[in-house]
Amino acid sequence: MYFLELLVSGIAVGSLYALIAMGFVLIYKGTGVINFAQGEVIMVAAFIAYYLTKGFGIPFLLAVPITLVATALLGAITERLVIRPMLGEPVFSVVMITIGLSIFLRSMAGIVFGHHNYILPNPFPVEPVHIAGITLSHNHIWSMGVAFCLMVVFFLFFQYSRLGLGMRATANDQDTATLMGVNIKRVYALTWGISFLVAGVAGIFLANVMVLNVGLAFVAISAFPAVILGGLESVPGAIIGGLAIGVIENLAGGYLDQMVGGGIKDVTPFAVLFLVLMIKPYGLFGTKEVERV
Amino acid sequence: MSGKAKFIKTLLMTGLLVLLTACLAMAGGRGVTDKEITLGMVLVKTGPVAALGIPQGDGMIDYMNYINEKGGINGRQIKVIWEDDGFQAPKSVAAVKKLVARDNVLTIMTTGGTNQTIANMKNISRYKIANIPNAMALEFFEPLHPYIFALGALYEWQYQVIVDYINDDLKMKDKRIGVVYTKKEYGKKGLDAIKKRAAKYNIPVVAELVLPTGAVDASSQVLALQQAGANIVITCDVLPPIISFLKTAEKYNYWPQVFGFNWATDDLLVKACGPAAKNYIGAGFVGGWADDSPGIKLVREIAAKYDRKPKLTSLYIGGVGVSMLFAEAIKRAGKNLTPDTLKAALETLRDYDTGGIFPLVTYTTKSHAPAKKVKLYKADVEKKCLVPLTDWRSPKDM
């Protein structure tokens with residue numbers, strides 16, 4: 001039973017990692033850029049949800065769509081003002097811009113929202129759900145469900161929709177995609193908007209299990225091994241990577257932490273990251289790049 | 001230049017220097033004029049740990065404003081300049097130099113946390129900055145540092161008091177302690193102190209688990225503690241992870257007696273956790289917001305006056321208390337206020353009563369050590385605050 005409890009709670013935490021990882025993957029898949037400001041977007045989204053519910057007294061169910069629209073808009077504005085001027089520039093330069101963006105957003109969040117600790121009012125029932133002796137919180141059940149639904153939606157989107165295919169083509173080769181008639185500017189704006197929206201979903205769920213403060217931005221680092229494990233450009237990979245990291249982390253915490261006096265739980269995801277990079281550098285579901293000379 | 005001209009120039013320069021020094025002395029020395037005293041403080045205002053600096057700084061400034069409105073001290077108004085160090089030692093060092101060299105402050109009431117104060121130790125001596133750090137470390141007072149006045153029981157002492165309480169007062173059979181800590185200075189010191197003290201009482205420590213500050217979840221820690229049969233959990237962590245821990249424990253219907261130290265002894269914990277905090281007991285070296293003591297009543301009055309609603313009440317209380325000690329020392333130093341007379345005045349505090357904000361404060365020329373006392377508070381879920389469980393207590397001599 002102990003093992004099962006650890007396994008299931010690992011899956012529950014993993015679903016949160018999966019949501020964060022999905023945000024990284026969407027931008028990479030659509031633009032070929034790793035957005036280092038993803039954690040800050042999660043934090044900003046959580047603050048927006050907090051102020052809507054606590055500050056303006058808006059019901060949670062209404063605050064969620066408003067938050068998601070706001071974060072999607074923030075994504076589109078970011079793309080227009082920060083990323084679009086970088087079109088055609090080396091990917092490395094764009095990555096550096098995202099690092100700058102992360103510092104900017106964190107500082108602005110401190111100025112606008114303050115540096116205190118906040119508690120997002122819990123919209124879910126406090127009483128957990130018991131299934132065959134396994135305990136799960138409502139928040140975790142919802143995050144697992146939402147992560148799975150988003151995975152299906154984005155998988156279908158990238159596989160079958162014209163826009164999704166356009167996004168993949170743009171990430172693969174901007175020039176060729178342009179020649180093939182793909183509206184790169186539109187693709188970029190949508191990619192950043194959708195990715196920020198997914199970060200918004202992650203932010204709302206995370207703020208329900210953690211204390212909300214500017215430091216919430218750093219949670220994205222915890223999800224990074226999941227992105228690498230699943231493969232940078234695979235949406236199902238992000239989900240499976242997230243779940244796997246959650247489970248591995250929890251099992252290590254439950255079994256190994258006591259043997260060595262604690263600390264293994266936090267190191268394990270990064271040990272996995274190193275192993276994956278050595279054995280499968282493109283991740284479990286990433287696409288191996290083949291260069292022909 | 002001839003030898004005579006050189007001599008006259010040197011004489012003139014020396015004369016000017018003497019005149020300047022005399023003028024400064026007449027005016028009251030560094031940071032002091034007939035009408036105003038300029039003080040500095042270096043405390044984090046931005047960044048991930050800003051939540052810890054802002055309420056303390058607000059408390060310090062509010063008390064000085066309160067004093068100013070009552071006519072100041074010895075006819076002088078107090079001006080406080082707050083420099084933000086972002087909780088980084090290099091920035092703290094730069095801020096200290098700026099406050100002394102450019103703003104010409106009398107002293108810097110606090111130079112921040114442990115690392116920042118240690119990084120500033122040479123400057124504190126060189127510029128004679130009498131200060132009370134916003135942290136607890138043995139290095140501050142052993143060996144005696146002439147200008148550092150330590151305040152607040154060391155982490156080790158706090159955990160000794162907690163384990164003493166577990167042994168002497170906690171009505172529970174078959175006590176089994178689990179420790180949840182973070183791999184930071186206070187976490188490691190706490191763990192070590194708990195293990196040593198528990199060994200003296202023959203209380204087994206059945207689990208030691210790390211819970212980092214930014215942990216997304218505490219499920220594995222809670223499950224492991226349950227598995228190990230810990231019916232007492234002592235946390236060596238700050239508020240956010242403990243809030244996560246208590247909420248997760250509630251989810252698993254796990255109700256051990258939970259203890260925490262001063263950085264996690266705040267009303268916010270009860271407000272955030274609700275019923276999940278019902279078994280929480282925290283140690284603190286400042287009075288609680290709901291106390292009836294005259295000092296805490298004054299703190300509440302000051303907060304209301306300046307329209308403050310501090311999120312972390314314990315830090316705001318501590319801030320008011322620190323300013324209260326400096327105000328008293330400035331008063332005792334009298335008209336001839338210099339860094340040296342201020343330090344000497346602080347050293348005259350004997351069992352100084354802050355009205356319940358701190359335990360009685362004593363500093364001498366031979367010791368700037370803090371009081372070894374803490375109070376234990378328990379969560380009152382109905383009132384959404386911490387209420388006193390004990391009076392001030394010291395670790396038992398063993």
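Student: At what angle do α9(A) and α11(A) pack?

Tutor: About 25°, with their axes 9 Å apart. Axes are lines fitted to C-alpha atoms, for helices over the stretch in contact, and angles run from 0 to 180 degrees between N-to-C directions. Helices (H or I, at least four residues) and strands (E, at least two) are DSSP runs numbered from the N terminus. This is a predicted model, where local features need pLDDT of at least 70 and side-chain atom pairs count only at pLDDT 80 or more, while totals for chains, interfaces and linings use all residues. Residues are numbered from 1 along each chain as its sequence is written, and chains are lettered from A and ligands numbered from 1 in the order written.

Student: Are α9(A) and α11(A) roughly parallel or oblique?

Tutor: Roughly parallel, therefore, given that angle; the cut-offs are under 35 degrees for roughly parallel, over 145 for roughly antiparallel, 65 to 115 for roughly perpendicular, and oblique for the rest.

Student: Which residues of α9(A) meet α11(A)?

Tutor: A:S222, A:P225, A:I228 and A:L229 meet residues of α11(A) including A:F270, A:L273 and A:L277. Contact here has C-beta atoms, placed from the backbone, within 7 Å. By class, there are nine nonpolar residues, one polar and no charged. (Ala, Val, Leu, Ile, Met, Phe, Trp, Tyr, Cys and Pro count as nonpolar, Asp, Glu, Lys and Arg as charged, the others, Gly among them, as polar.)

Student: Switching to the interface: how many residues does each chain put in?

Tutor: Chain A gives 34 and chain B gives 29. On chain A's side, α1(A) gives the most, with six residues. That side divides into 13 nonpolar, 17 polar and four charged residues.

Student: How do α10 of chain A and α8 of chain B cross?

Tutor: Their axes come within 8 Å and cross at roughly 45°, so α10(A) and α8(B) are oblique to each other. Among the residues making this contact are A:N250, A:D257 and A:Q258 of α10(A), with B:S219, B:Q221 and B:L223 of α8(B). The contact has two nonpolar, seven polar and one charged residues.

Student: OK, chain B on its own. What's its secondary structure?

Tutor: Chain B has 13 helices and nine strands. Its C-alpha trace spans about 90 × 45 × 40 Å along the principal axes.

Student: And what share of chain B is buried?

Tutor: 54% of its 398 residues. (Buried takes 20 or more other C-beta atoms within 10 Å of a residue's own, exposed 12 or fewer, and partly exposed is in between; C-beta atoms are placed from the backbone.) Also, among chain B contacts between residues at least 6 apart in sequence, 68% join residues at least 24 apart.

Terms used
Contact = placed C-beta atoms within 7 Å.
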